[in-house]
Amino acid sequence: MSMAPSSANDPAVLEVTDLHVEFDTYGGIVKAVRGASFNVRRGKTLAIVGESGCGKSVTVQSVMGLIPMPPGRITKGTALLDGVDIVRRKVIDGKDIRGNRIGMIFQDPMSSLNPTMRIGDQIAETLHVHRGYSKADAFKRAVELLALTNIREAEKRAKQYPFSFSGGMLQRAMIAMAIACEPDLLIADEPSTALDVTIQAQILDLLKELQERNNMAIILITHDLAVVARMADDVVVMYAGEIVEKGSVDDIFYRSAHPYTLGLRAAMPSESRHVESGLQPIEGSPPDTFNPPPGCSYFARCPNAMRLCERNPPPRFEVSPHHYSNCWLHEPGAPKDVDGLYFAEQP
Amino acid sequence: MSALIESKALTKHFKIGRNQIVHAVDDVSLAIEDKEIVGLVGESGSGKSTFGKTLLGLHRKTAGEVYFEGEQLPDIYKPADFQRYAQRIQMIFQDPYSSLNPRMTVGEIIGEGLRLRGDSEGAAIREAVAVWLERVGLERGHMSRYPHEFSGGQRQRVGVARALIMQPKFVVCDEPISALDVSVQAQIVRLLGELKDSLGLTMLFIAHDLSMVRYVSDRIAVMYMGAVVELGPADDVYFEPKHPYTQILIASNPRPDPRSERNRKSVAITGEISSPLNIGSGCRFANRCPHVMEVCRADTPGLILRDCGGSPREVACHLYEPIAGPN
């Protein structure tokens with residue numbers, strides 16, 4: 001088992017720096033993403049975790065150019081795909097990037113596929129548009145891709161419409177479409193949330209298998225820490241539009257350095273026979289993103305909040321190599337008696 | 001034995017087209033004791049929601065009987081029957097978006113049951129609604145708001161208040177947490193646990209996630225293609241599953257622990273749950289089962305107490321010998 005920090009300097013496929021995204025709404029300006037920075041390494045999986053509304057989907061959608069502008073607006077930041085910034089242009093050339101160098105799969109496969117087109121044609125369309133395959137060759141390749149995603153009788157299935165597929169099979173078809181052009185990066189937005197656990201296990205196994213095969217990077221968006229534990233190499237924890245902690249998957253689970261990460265972990269069902277452990281909810285709800293609080297966004301719900309946290313946004317502390325936490329508790333003078341929280345070793 | 005509600009050979013078939021019958025619920029007998037919580041787990045299409053709804057008369061049953069407090073519930077519900085039983089039996093629905101009327105205020109939604117019962121004044125109803133809003137962790141002032149002004153977790157709290165304001169004895173919770181974030185799921189599970197203790201509720205808790213269900217349930221029943229395949233104390237079923245299907249279900253569930261996940265061998269089961277159309281004889285799990293034997297395809301195993309090594313368990317599987325005796 002290679003520890004992530006040793007390889008954390010691997011070349012990044014995608015490098016996002018200080019990304020800010022806003023939306024104009026009738027209620028005012030929603031600051032959906034406030035300063036997200038992360039990178040995704042070739043052949044590795046980066047998980048972005050957080051509750052609904054924390055900005056995890058908006059982050060990747062803005063990278064993909066899927067945000068309607070207006071009302072959306074990328075006010076600041078860069079996203080370098082192999083060194084080329086893909087967010088600063090007015091219109092993203094979808095043909096070049098989306099579906100070609102970055103593939104994407106969504107939570108709800110039923111509403112993401114075209115109900116009036118045969119499955120095989122939908123996959124073939126990608127190859128026809130991006131790779132110039134002839135219609136016949138593209139369809140043949142679509143059948144191979146369906147077989148690759150473990151759909152039985154692929155030839156027959158390719159000629160069927162989405163309504164005759166189950167939820168798990170639709171997700172496989174979406175994956176087949178997303179990997180058709182062998183992208184460097186696959187973005188999976190809650191790919192297994194709508195599925196039963198046995199089907200979820202199949203889909204997650206399939207994603208890993210395809211990742212090894214194509215040395216593909218994956219960004220996995222999820223609210224489920226158990227899925228993160230199964231899939232991720234690196235993890236970014238988001239709260240109210242900001243990244244509050246990031247590090248390797250072991251950093252996040254065994255050396256949690258932000259109270260919010262601890263809170264998320266405590267809310268999970270535990271494997272212990274003691275029913276008292278686990279399932280400790282985080283009381284309250286996230287702040288509204290119209291008026292983000294002036295200090296730490298987690299202040300109102302944080303059991304370890306100090307007076308300083310209310311007014312002053314916490315800086316980023318590197319608590320161990322490549323493991324960062326935005327929390328004032330890591331300031332040298334702050335109290336270090338927080339149960340379960342990891343602190344940098346004192347020199 | 002003092003079962004509060006008991007189904008005897010409850011069956012619900014749906015006819016679709018000519019000679020096509022969906023065996024959504026087949027011959028399910030389940031007794032829920034007073035103040036007990038039974039978790040009913042299964043994948044989509046296993047018939048768990050249909051069982052819950054048929055139990056309460058929201059679907060007309062095909063065969064079987066349901067007894068509540070010793071009294072047989074009607075085969076066909078008339079509107080007056082629903083009004084009568086609604087005071088003792090309630091349901092919390094899965095989708096907090098579609099189960100609340102968007103044109104009613106939250107106060108009207110929660111107070112509707114009391115209003116229809118007709119024995120309370122408007123002011124008393126408003127007070128009761130306010131008390132329940134606070135009890136489920138919302139605020140009095142939320143009464144005049146509409147459902148769209150609330151988040152998913154808050155709406156689910158409204159659904160809980162609407163069901164429990166009637167002070168029912170028995171509540172069917174149909175996947176009350178599936179649509180919610182993990183941290184909010186914990187809030188709702190906690191809330192239900194507290195209310196169960198303070199109100200002495202009996203519940204059927206339907207879910208597809210075993211790890212969460214374990215926290216609320218006294219016993220867990222696992223359903224597959226319309227039949228219960230395993231039934232036992234919650235921790236026993238979770239930590240020592242006996243039926244091959246339950247074993248796969250639990251092993252498929254990811255754990256929030258990267259080290260154990262890295263050392264996990266893949267247990268992904270091949271295939272998907274098949275449609276319960278025109279079921280023949282034999283075990284319904286036979287075509288996906290890793291331990292399938294000759295007998296499984298011919299003979300349907302019954303859900304009876306069997307010798308599983310350790311304490312006996314009610315499990316519908318030929319791998320285990322039946323224990324003779326009264327059952």
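## A walk through two chains

Leaving aside residues up to four places away in sequence, K8(B) touches V28(B), S29(B), G64(B), E65(B) and Y67(B). Another residue to look for is D27(B): it is 19 residues from K8(B) along the chain, yet the two C-alpha atoms are separated by 7.5 Å. Please keep in mind as you explore that this is a predicted model.

Now let us turn to chain A and its sheets. Eight strands make up an open sheet with mixed pairing, in the order β6-β7-β8-β3-β9-β10-β12-β11 (chain A). Its edge strands are β6 (102-105) and β11 (317-320) of chain A, and each pairs on one side only. On average, neighbouring strands of this sheet are turned by 20° against each other, direction ignored.

Helix α6 (residues 167-178) of chain A touches β6 and β7 (185-189) of chain A, and its direction makes about 170° with that of β6(A). Helix α10 (residues 259-266) of chain A touches β9 (234-239) and β10 of chain A, with its direction at about 100° to that of β9(A).

How many residues of β7(A) are buried? Five of its five residues are, so to speak, under cover: the strand is mostly covered. In a regular strand the side chains alternate between the two faces of the sheet. Here L185(A), I187(A) and D189(A) point one way from β7(A), while L186(A) and A188(A) point the other way, and all are buried.

L185(A) is also a handy landmark for the pairing on both sides of β7(A): I102(A) stands opposite L185(A), and L185(A) stands opposite A217(A) in β8(A). From β7(A) the chain crosses through helix α7 (residues 197-214) of chain A to β8(A), and this β-α-β crossover is right-handed.

| Strand pair | Bridges | Direction |
|---|---|---|
| β6(A) and β7(A) | four bridges | parallel |
| β7(A) and β8(A) | five bridges | parallel |
| β10(A) and β12(A) | two bridges | antiparallel |
| β4(A) and β5(A) | two bridges | antiparallel |

Within the pair β10(A) and β12(A), K246(A) stands opposite Y324(A).

The last pair in the table leads us to another sheet. Four strands form this open sheet in the order β2-β1-β4-β5 (chain A), with antiparallel pairing. Because β2 (28-41) and β5 (84-85) of chain A each have a single partner strand, they stand at the edges, and one side of each is left without a neighbour in the sheet. At the β5(A) end, the bridge partner of L81(A) is V84(A). Helix α1 (residues 56-64) of chain A lies across β1 (12-25), β2 and β4 of chain A, running at about 105° to β1(A).

Finally, how do the two chains meet? The size of an interface is often given as the accessible area lost when the parts come together. Chain B and chain A bury about 3900 Å² between them, and 52% of it is on carbon and sulfur atoms. The contact takes 42 residues from chain B and 45 residues from chain A. How many salt bridges does the rule find across the interface? There are two. A salt bridge to look up is the one in which the side chains of D250(A) and R262(B) meet, at 3.0 Å from N to O.

Notes: Residues numbered from 1 in each chain as written. Chains lettered and ligands numbered in written order. Predicted model: local features only at pLDDT ≥ 70, side-chain atom pairs only at ≥ 80, totals over all residues. Heavy atoms only, no water. Pairing = 2+ DSSP bridges. Axes fitted to C-alpha atoms, helices over the stretch in contact; angles between N-to-C directions. Contact = heavy atoms within 4.5 Å. Buried < 20%, exposed > 50% of the residue type's maximum accessible area, 1.4 Å probe, protein only. Right-handed = clockwise from strand over helix to strand, strands pointing away. Buried area = accessible area lost by both parts, 1.4 Å probe. Salt bridge = Lys/Arg side-chain N within 4 Å of Asp/Glu carboxyl O.
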